[in-house]
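Subject: The structure I promised you

Hi,

Here is the structure we talked about, for you to open while you read.

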Amino acid sequence: MPFLCKRCSRKAILKRPKTGDTLCKECFFELFELEIHETIICAKLFKPGLKVAVGASGGKDSTVLAHVMKVLNEKYHYGIHLTLLSVDEGITGYRDDSLETVKRNEQQYELPLKIVSYKDLYGWSMDDIVKQIGLKNNCTFCGVFRRQALDRGATMTAVDMILTGHNADDIAETVLMNLLRGDIARLSRCTAIITGAEGSLPRAKPLKYAYEKEIVMYAYFKKLDYFSTECVYSPNAYRGYARTFLKDLESIRPRCIIDIIHSGENFAIKSSVKMAAQGSCSRCGFISSQEVCKACILLDGLNRGLPRLTTGKMKKAHRSFAQNNKQENGEVTSPAD
Ligand SMILES: Nc1ncnc2c1ncn2[C@@H]1O[C@H](COP(=O)(O)OP(=O)(O)OP(=O)(O)O)[C@@H](O)[C@H]1O
């Protein structure tokens, strides 16, 4: 006997990873989109007229996000102006191919696309950086530069908010990683649906409760055009451990992903714990919790031929930056003078 859809009694074609319910394709699409809509409404993410950029990498998450945002904006009349924003990190054989996908998405979804590149913004592509520093630690440069490049691209196109395709699995992994590292500051903000609202460009994660497996199913059944290759410059090893652990937990108890996110949301941090205040970088003006942001410190290390200095202890890198800055401004004389 065929399985029937739990909602409408038509023939079911899938079992929802999140709940175990058997569903037909139409009910799955409806529920998947409705849950994202409810996440958006509960968090009061949008006001009519808001200019919103979807951080579009061409991968499954951001492609599904762009598609669903377009559907929901029309269906529920959010009144927001959607665009696509891509960062070209300059990774041959990876980002060049995925950007081709984003360019097709631009046509398919009729959304304007802006691409910013590391080469233009920083003078270095990831291919250049890896040539300089090798494969170890290159993710540090890529992650820090990408974060800022999205802010820079958003400023250039005058958008009010950036959406990223972080999904429930990503967030649960991040909770686990921050717990294991004892990083209270990040733990306190990694489950927030919206971050950076004070003084900097807000970023939101509408897929925060969407399971990765369901995102893949949605993309597959909707026949969305996305790019599915891993970065050629090695995955983030530490996240890999958290991912494997989470997948093992999920195979025993699928709810564990949502449970970990809810636990993260309910952490109470003592008011006496000192948190770094977010301000702006004295050099580039973009968001920073230090006087000079990490992107400027990393770039300074690259430009001075000392990139490894900046992948060790950040205090040392900040000291070296300050010393070099003083010398450049003639405030101190070097021992050779
Ligand atoms: N090069 C990029 N340009 C624009 N946005 C990006 C880029 N890389 C990542 N993002 C944004 O950050 C989110 C998380 O990226 P990450 O690479 O950690 O995850 P992912 O699971 O591979 O996402 P995706 O499937 O969308 O590629 C993406 O969904 C996207 O919104």
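Below is what I found, going from the whole chain to single residues.

One thing before you start: this is a predicted model.

**The chain as a whole**

You are looking at a chain of 337 residues, of which 35% are buried. The chain holds 13 helices and 10 strands. If you take the contacts between residues at least 6 apart in sequence, 68% of them join residues at least 24 apart.

At the start of the chain, UniProt has an unreviewed entry that lists residues 5–28 as "domain: 2-thiouridine synthetase TtuA-like N-terminal LIM". In the model that span is 17% helix and 17% strand, and its end C-alpha atoms lie 9 Å apart.

**The sheet**

Next, have a look at the open sheet of six strands. Its order is S5-S4-S3-S6-S8-S7, and the pairing is mixed. Strand S5 (113–117) and strand S7 (194–195) are the edges, each pairing on one side only. Strand S4, residues 81–88, pairs with S5 in the parallel sense over five bridges. Within that pairing, Val-87 sits opposite Val-116 of S5.

Helix H2 (residues 60–75) touches strand S3 (51–55), S4 and strand S6 (161–163), and its direction makes about 150° with that of S3. Helix H6 (residues 138–156) touches S3, S4, S5 and S6, with its direction at about 135° to that of S4.

S4 also pairs with S3, again in the parallel sense and over five bridges. There, Lys-51 has His-81 in S4 as its bridge partner. How much of S4 is covered? Most of it: six of its eight residues are buried.

**Around the ligand**

Which residues come closest to the ligand? They are Gly-55, Gly-59, Asp-61, Ser-62 and Gly-165, out of 14 residues that surround it. H2 and S4 are the elements that give two or more residues to this shell. H2 gives the most, with three residues. Sorted by class, the shell has eight polar, four charged and two nonpolar residues.

Gly-165 lies in the loop between S6 and helix H7 (168–181). Is Gly-165 buried or exposed? It is buried, because 23 other C-beta atoms lie within 10 Å, and 20 or more are needed to count as buried. Leaving out residues up to four places away in sequence, Gly-165 touches Asp-61, Ser-62, Val-64, Leu-65 and Leu-207.

Asp-170 lies in helix H7. With 22 C-beta neighbours inside 10 Å, Asp-170 counts as buried too.

Lys-44 has a positive phi of about 45° although it is not a glycine. You will find Lys-44 in the loop between helix H1 (25–42) and S3.

Ala-158 is another non-glycine with a positive phi, here about 55°. Its place is in the loop between H6 and S6. Ala-158 counts as exposed, since it has 8 C-beta neighbours inside 10 Å.

Thr-229 lies in the loop between helix H9 (212–221) and helix H10 (237–252). With 11 C-beta neighbours inside 10 Å, Thr-229 counts as exposed.

Then try His-262, in helix H11 (residues 256–265). This one is partly exposed, with 14 other C-beta atoms within 10 Å. His-262 and Ile-287 are 25 residues apart along the chain, and their C-alpha atoms are separated by 28 Å.

Cheers

Terms used:
Residues are numbered from 1 along each chain as its sequence is written. This is a predicted model: local features need pLDDT of at least 70, side-chain atom pairs count only at pLDDT 80 or more; totals for chains, interfaces and linings use all residues. UniProt positions are given in the numbering used here, feature names are shortened, and annotations may be inferred rather than shown by experiment. Helices (H or I, at least four residues) and strands (E, at least two) are DSSP runs, numbered from the N terminus. Two strands pair if DSSP finds at least two bridges between them. Two residues are in contact if their C-beta atoms, placed from the backbone, lie within 7 Å. Axes are lines fitted to C-alpha atoms, for helices over the stretch in contact, and angles run from 0 to 180 degrees between N-to-C directions. A residue is near a molecule or strand if its C-beta atom, placed from the backbone, lies within 6 Å of it. Ala, Val, Leu, Ile, Met, Phe, Trp, Tyr, Cys and Pro count as nonpolar, Asp, Glu, Lys and Arg as charged, and the others, Gly among them, as polar. A residue is buried if 20 or more other C-beta atoms lie within 10 Å of its own, exposed if 12 or fewer, and partly exposed in between; C-beta atoms are placed from the backbone.
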